[in-house]
Amino acid sequence: MSLFTDLFLYGLVVPILPFILVDRVNLPKDQVQGQVSVILAAYAGASVLFSPLAGVIADRVSTRQAPFLLGLLALSGATIMLSLGQSVPVLIVARALQGISAAVVWTIGLAMVLDTVGPNNLGKTFGSIFAFISVGELAAPVLGGVAYKKAGYPGVFGMAYALLAIDFVMRLMLIEKKVAAQWDVTEESGDDDEEEEDQVGNAGEEEDANEEEPLLRKKEEENYKVPDGQSKVVKSYPILYCLKDPRLLTALLLAFNQAALLAAFDATIPMEAEQLFGFDSLKSGLLFIPLVLPYLLLGPVAGWMVDRYGPKPAAVLGFGYLVPVSILLRLVRSGGTSQVVIFCVLLFLNGIGLALIGSPSIVDASYVVQRYDRANPDFFGEQGPYAQLYGIQSMVFNLGLTLGPLFSGTLKERIGYGNMNVVIAMFCLVTSLLSFIFVGGKPRIMKR
């Protein structure tokens, strides 16, 4: 719910920012576009900068609920400033506070998910989570525009305050697993956790089962040992050592590309719909339904596939599948209902690809860091490296959300929408190839 709230409020004010700047700040219209870009960039910049710090804080405090509530406090303050602010600096600070809140929510929220569900159910869980929050991210601009048109600023921010109130109650009711374990005598032992990790490893690394497997596993764990004599920086932020692993770096690349793809659709669909079909903001917003629907329906199924077969098949097939369906967006032309239908069908097909790539990144990154944690139990501290990992993951994801619109918008202006999608397809192809090599461990064909 907290992730949904964060992304929903992120997108809710996007369509009304130009009106706030003109009506309330009295900014000349020729300066609006530039100031909107600065205000939006403040969110992403704050989130990128604060995410690693949020990971450090989360791993060093005794309870993760306290910073979780502080993140909501920052988000509430940001919403109040946005609803009442009458100057550009106030609006920039408000969006920066939203970015800080996002860093805390994503970093600590995902760490608490791992604490709760364990490594063996990450794919299905994260698939469901990302399917749910993607609806908020893509639907918020539409609802914000409709609410502003029908009820003005009170309608928009009334929706925001209501969602914040619900989120606040749910965060107060949250019980961390380690707290619940004090009252649950049936809590599973550490051996069960290790068995879950082994099951994930078997799915992800395609190892042959034979009598030498225990010896091979022991030898493999030695590869994750952190040697003595690390610098003070690495000791203070130990996840940095793990970033030497190409498999982890590839998993982070998947997160960046996933976010960039979502942001590219968000940035280009409304403009393309207006140019091709003369759609207003409401009709353009409705085009996101065929894009989001398969994500919502297939996200949990794709996550189950990751749990069952490992992250490699979903990553390779997902990004590989996006290559042809992205290129097919070149087929859309200016016209009537038939062209709108073609556009919707192609967006639906792209939504299937987005559902497939929703889980592999975070699941594989979690598994790699778990290996380092098991091989070096004293190196990462009592709470482990997971909040630090999700801090890095959040930073990379938000960087994708920032650069995706800039990259796609520039390409669209210079080479057109169809050619832009060809370039995006090539990036998906490269990502698919890298996923085949690194995600889930090296494939059998490269081990011989």
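Contact here means heavy atoms within 4.5 Å. With that in hand, welcome to a short tour of this predicted model. One stop is helix α16, whose buried residues pack against α12 (246-277), α14 (288-309), α15 (311-327) and α19 (417-438). Other stops are the crossing of α17 and α18, the largest nonpolar core, with its 115 residues, and D167, a residue of helix α6.

**Helix α16 and its surroundings**

- Helix α16 runs over residues 337-356, which makes 20 residues.
- From first C-alpha to last, α16 reaches 29 Å, close to the 28 Å expected at 1.5 Å a residue.
- Buried positions in α16 are Q339, V340, F343, L346, L347, N350, G351, G353, L354 and A355.
- An α-helix has 3.6 residues a turn, so residues three or four places apart point the same way.
- I342 also lies in α16, and I342 counts as partly exposed because its relative accessibility is 35%, which falls between the 20% and 50% cut-offs.
- Between the C-alpha atoms of I342 and L331 there are 8.2 Å, with the two residues 11 apart along the chain.

**Where α17 meets α18**

- Two packed helices are described by the angle between their axes and the distance between the axes.
- For helix α17 (residues 360-375) and helix α18 (residues 386-415), the angle is about 145 degrees and the axes are 10 Å apart.
- Their crossing is right-handed.
- On the α17 side, the contact involves S361, I362, A365, S366, V369, Q370 and D373, and these meet Y386, L389, Y390 and Q393 of α18.
- By type, the residues of this contact of α17 with α18 are six nonpolar, four polar and one charged.

**The largest nonpolar core**

- In soluble globular proteins, nonpolar side chains tend to be buried together.
- The largest nonpolar core here holds 115 residues, and L21, W106, F126 and Y390 are the ones that touch the most other members.
- Helix α12 supplies the largest share of this core, with 15 residues.
- Setting aside neighbours within four places in sequence, W106 is in contact with L3, D6, L7, F130, I133, Y390, S394 and F397.
- Y390 therefore links two of our topics: Y390 is among the α18 residues that meet α17, and Y390 is in the core, where a member has to be buried.

- D167 is buried, because its relative accessible area is 1%, under the 20% cut-off.
- Beyond neighbours within four places in sequence, D167 is in contact with M1, S2, T5 and L72.

Definitions and conventions: Residues numbered from 1 in each chain as written. Predicted model: local features only at pLDDT ≥ 70, side-chain atom pairs only at ≥ 80, totals over all residues. Heavy atoms only, no water. Helix = DSSP H or I, 4+ residues; strand = E, 2+ residues; numbered from the N terminus. Expected span 1.5 Å × (residues − 1). Buried < 20%, exposed > 50% of the residue type's maximum accessible area, 1.4 Å probe, protein only. Axes fitted to C-alpha atoms, helices over the stretch in contact; angles between N-to-C directions. Left-handed = near helix turned anticlockwise from the far one by under 90°. Nonpolar A, V, L, I, M, F, W, Y, C, P; charged D, E, K, R; others polar. Core = buried A, V, L, I, M, F, W, Y, C linked by side-chain atoms within 4.5 Å.
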